Amino acid sequence: MSLLVKNIGTLVGIDQSGRLRVEGKAMTEIGMLENAWLLTDGDRIKDYGTMDKLPSVENCEVLDAEGGWLFPSFCDSHTHIVYAGSREQEFLDKINGLSYEEIAKRGGGILNSADRLHDTSEDELYRQAMERIDEIVAMGTGLVEIKSGYGLTLEDELKILRVIRRIRENAPVEVRATFLGAHAVGRAYKGRQADYVEHVCNDMIPAVAKEGLADFVDVFCDRGFFTVEETAKIMEVGAKYGLRAKIHANELAISGGVEVGVEHNALSVDHLESMGDEQIEALRGTGTMPTMLPGCAFFLGISYPPARKMIDAGLAVALASDFNPGTAPSGNMRFVVSLGSIKMKMTPAEALNAATLNSAAAMGLSHDFGSITRGKVANFYLTKPLPSLAYLPYAHQTPVIRKVVLKGVVVKTN
Ligand code: NIG
Ligand code: FE
């Protein structure tokens, strides 16, 4: 089945260059075509052009955009969408002055979510996660990475990963899974972190790989969580099982996570609220995508990653939501783009490139997702008519998305 979208006010995110990521100065350019049409063929983008050359296509569904804009779907390369319940009590603790680290030290935080997850059935977890998936699909996300990491026992980690697999099989959005056993030390291993790391390496990774449940491996490499040496070890074992690394690094301190990630050819290093010049330098010329999660800095009230400095240094950067119950309880990628512009001084085009092509690259999928390109997956959303590109991050709460198309099918009409 084909879909012909006509009368598109502006088609945004066009890229026929074949590049798999966009870096430095080039990030502030984004391909646009006014008064356009776009044609799909099955789940792929077939062609696009200007309305004066509208093709006549038989046997296809026609959608009139009525002057609205068409954007490539957001790619969200870092989320923890499968969790049980919520953590507003800690939200209140933060309002009353406790820091994220203090809450974690008291046994709250990730361990709190692990306790709840343990007591929740797989079906109920799936139900809760699918509600969040519906929410992000309506807000324009078409490709999402989801991490485990609220299990912290072999059985519960497998439980989350099986839920992710079920989402992958049933949701319209494309899904990739990351094993994050080293998110915190499981309660049964309290005071025995080295043993827990052994358990992750010797038992969890092989079991996860045996069931083919994950694409990537992650470690929370930060002050008070896992060390550089432990991170290296887990990445090495992951690599043996075909799992490339995506690392939580430098949220709470300059942790060494960036450097060890780069050394082990991690696909991405994520967070980066604490970055010095050396860490920026370490990323130059590498295949590791620095990924920023400004929803976390916003929620925790910590400093934002130095996006401007990184782009000016010539790096490619990606943006993702970090959707999780402790530090970023929202998967709204449009708001993430707005934070990129408002708080990190990224131009709207830079922020959009970071949230589409570069975020797809942070999942190794930018050959198929992240731009309006002939042959790529037909993932896009249509908005109401907009005065300019900058309006999207500027009017950050105005509901502008009218329709969402994923894999060539209209999946949402708002
Ligand atoms: O990316 N920093 C580590 N992990 C999550 C938070 C997890 C939680 O607090 O539940 C993050 O921010
Ligand atoms: Fe995270």
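Which residue forms a salt bridge with D195? Select R192: its closest N to D195's O is 3.2 Å away. (A salt bridge here is a side-chain nitrogen of Lys or Arg within 4 Å of a carboxyl oxygen of Asp or Glu.) Color by accessibility and both ends come up partly exposed, R192 at 38% and D195 at 37%. (Buried is under 20% relative accessible area, exposed over 50%, partly exposed in between, with a 1.4 Å probe and protein chains only.)

Before moving on, some ground rules. This is a predicted model, where local features need pLDDT of at least 70 and side-chain atom pairs count only at pLDDT 80 or more, while totals for chains, interfaces and linings use all residues. Residues are numbered from 1 along each chain as its sequence is written, chains are lettered from A and ligands numbered from 1 in the order written, and side-chain values use heavy atoms, leaving out hydrogens and water.

**Next stop: the two domains.** Select 2-73 + 371-413 as domain 1 and 74-361 as domain 2; such bounds come from an automatic or database domain assignment. Their C-alpha centres sit 29 Å apart. Together the domains bury about 2,800 Å², 62% of it on carbon and sulfur atoms.

**Across the boundary.** The count between the domains is 1 salt bridge. Now pick E174 and K407, whose side chains meet in a salt bridge at 2.8 Å, N to O. E174 counts as buried at 17% relative accessibility, whereas K407 is partly exposed at 27%.

**Another pair.** Zoom to D277 and K309, also a salt bridge, 2.8 Å from N to O. D277 lies in helix α9 (277-283) and K309 in helix α11 (307-312), so the pair ties together parts 32 residues apart in sequence. (Helices are DSSP runs of H or I, at least four residues, and strands are runs of E, at least two, numbered from the N terminus.) D277 is exposed at 52%; K309 is partly exposed at 45%.

**Last stop: α12.** Select 333-344: 10 of its 12 residues are buried, among them F335, L339 and M344. At the N-terminal end, N332 is the cap, with a side-chain oxygen 3.0 Å from the backbone nitrogen of R334. Following α12 comes K345, with a positive phi near 60°.

Methods: Buried area = accessible area lost by both parts, 1.4 Å probe. Polar contact = N/O pair within 3.5 Å; in protein donor to acceptor, adjacent residues only side chain to side chain.
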